[in-house]
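This report covers helix packing and sheet arrangement in one structure. The sequence and coordinates are shown first.

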Amino acid sequence: MVLVPELRLLDSSELYSAEPALELSEFNHLLEEHIARTMEALEHDWFPAVHHILMQGAKRNMMPSLSQPDKLETFFNAVATLMSMNVQNLLLHTIWEYTDMLCSSKSRGFVLHLVRSGGELHFQPTVDEFEEQLLAVFERIIAAVQKLKRAETRVFLDWPGRAQYLKPVVLPEIVESLKQRVRAVVAEQSVGPKEHALWYERYEYLISGQANADVEEFLSGQHPFEEYQEQVVRYHELSYEINCESAKVIRLGMFELRCDTLTEDLVSLATGLRDKILHNMLANHNATNKT
């Protein structure tokens with residue numbers, strides 16, 4: 001009745017590979033695939049093996065018959081206990097290895113996007129969302145095996161009693177201690193991305209929309225050609241600086257911080273302001289020529 005020792009509800013070995021970092025949505029999809037694969041292994045390999053053992057025992061008169069309901073119930077209670085312990089060990093090994101994977105520097109890691117929204121910089125997903133979903137994995141793994149029917153309902157299709165389920169138990173204290181490790185590692189690993197985001201403070205006036213307001217105010221008045229030229233050069237050089245100096249992708253611990261979208265956004269803002277000034281200069285030049 002022993003489960004395959006290597007069987008896990010989440011195959012952490014796949015998360016130690018040299019593959020690119022995972023989007024949180026990709027990780028959730030991977031988790032569902034692993035759970036489905038393991039449940040299929042239980043249904044198509046383990047339970048048939050248990051069924052075969054019980055049938056062999058029945059043929060040798062080693063299992064009580066339906067005419068002995070009390071003994072039969074006691075027998076299947078013992079079977080359920082053994083099977084529940086197997087599933088319990090599967091759960092424990094899975095959540096231990098999952099926690100170790102998150103705390104390891106050799107894991108694939110997760111993608112974190114730095115983007116501009118509402119005049120501010122934000123992480124997508126947020127660090128809180130990461131923590132929430134990584135912690136939810138414990139409940140998802142434990143819940144996955146709560147609907148495994150006991151052996152008697154599989155051996156006897158006309159089992160007279162109501163369908164009962166295996167009851168693998170993982171103590172809340174164990175789950176909470178592992179969750180605490182995950183919370184700690186997320187808090188520790190999020191420091192790097194937060195510090196890197198501070199690098200963009202130099203472009204705060206661009207991010208907040210202040211630069212656009214300044215250009216609008218500038219264009220509302222009359223200025224010498226040289227001042228227009230200075231503004232055009234300023235935003236042209238700014239767009240070049242952002243594009244050249246901004247790190248598009250940087251690995252910071254468990255996170256792969258991607259700033260490529262933010263860089264494109266800021267470059268687009270700077271070139272947009274440059275072009276707005278140029279269009280205004282052209283309009284003024286045409287108006288002067290008409291006059």
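## Strand pairing

Strand E3 and strand E4 (residues 255-258) run antiparallel and are joined by four bridges. Arg 251 stands opposite Glu 256 in E4. The structure is a predicted model.

E3 and E4 belong to an open sheet of four strands, ordered E2-E1-E4-E3, with mixed pairing. Its edges are strand E2 (120-124) and strand E3 (249-252), each of which pairs on one side only. Neighbouring strands in the sheet are turned against each other by 25° on average, with direction ignored.

## A helix on the sheet

Helix H3 packs on this sheet and touches strand E1 (110-117), E2 and E4. The direction of H3 makes about 150° with that of E1.

## H3 against H5

H3 (residues 127-144) also meets helix H5: their axes come within 10 Å and cross at roughly 155°. Because angles over 145 degrees count as roughly antiparallel, H3 is roughly antiparallel to H5. The crossing of these two helices is right-handed.

On the H3 side, the contact is made by Val 127, Glu 131, Leu 134, Leu 135, Phe 138, Glu 139 and Ile 142. On the H5 side, the residues are Val 175, Leu 178, Lys 179, Val 182, Arg 183 and Val 186. By class, the H3 contact with H5 has nine nonpolar and four charged residues, and no polar ones.

## H2 against H5

How do the axes of H2 and H5 cross, and within what distance do they come? Helix H2 (residues 69-103) and helix H5 (residues 172-189) have axes that come within 9 Å and cross at roughly 15°. Angles under 35 degrees count as roughly parallel, so H2 is roughly parallel to H5. H2 passes H5 in a left-handed crossing.

H2 contributes Leu 92, Ile 95, Trp 96, Thr 99, Asp 100, Leu 102 and Cys 103 to this contact. These meet Ile 174, Leu 178, Arg 181, Val 182 and Val 185 in H5. The contact of H2 with H5 divides into nine nonpolar residues, one polar residue and two charged residues.

Technical notes
Residues numbered from 1 in each chain as written. Predicted model: local features only at pLDDT ≥ 70, side-chain atom pairs only at ≥ 80, totals over all residues. Heavy atoms only, no water. Axes fitted to C-alpha atoms, helices over the stretch in contact; angles between N-to-C directions. Parallel < 35°, antiparallel > 145°, perpendicular 65-115°, else oblique. Left-handed = near helix turned anticlockwise from the far one by under 90°. Contact = heavy atoms within 4.5 Å. Nonpolar A, V, L, I, M, F, W, Y, C, P; charged D, E, K, R; others polar. Pairing = 2+ DSSP bridges.
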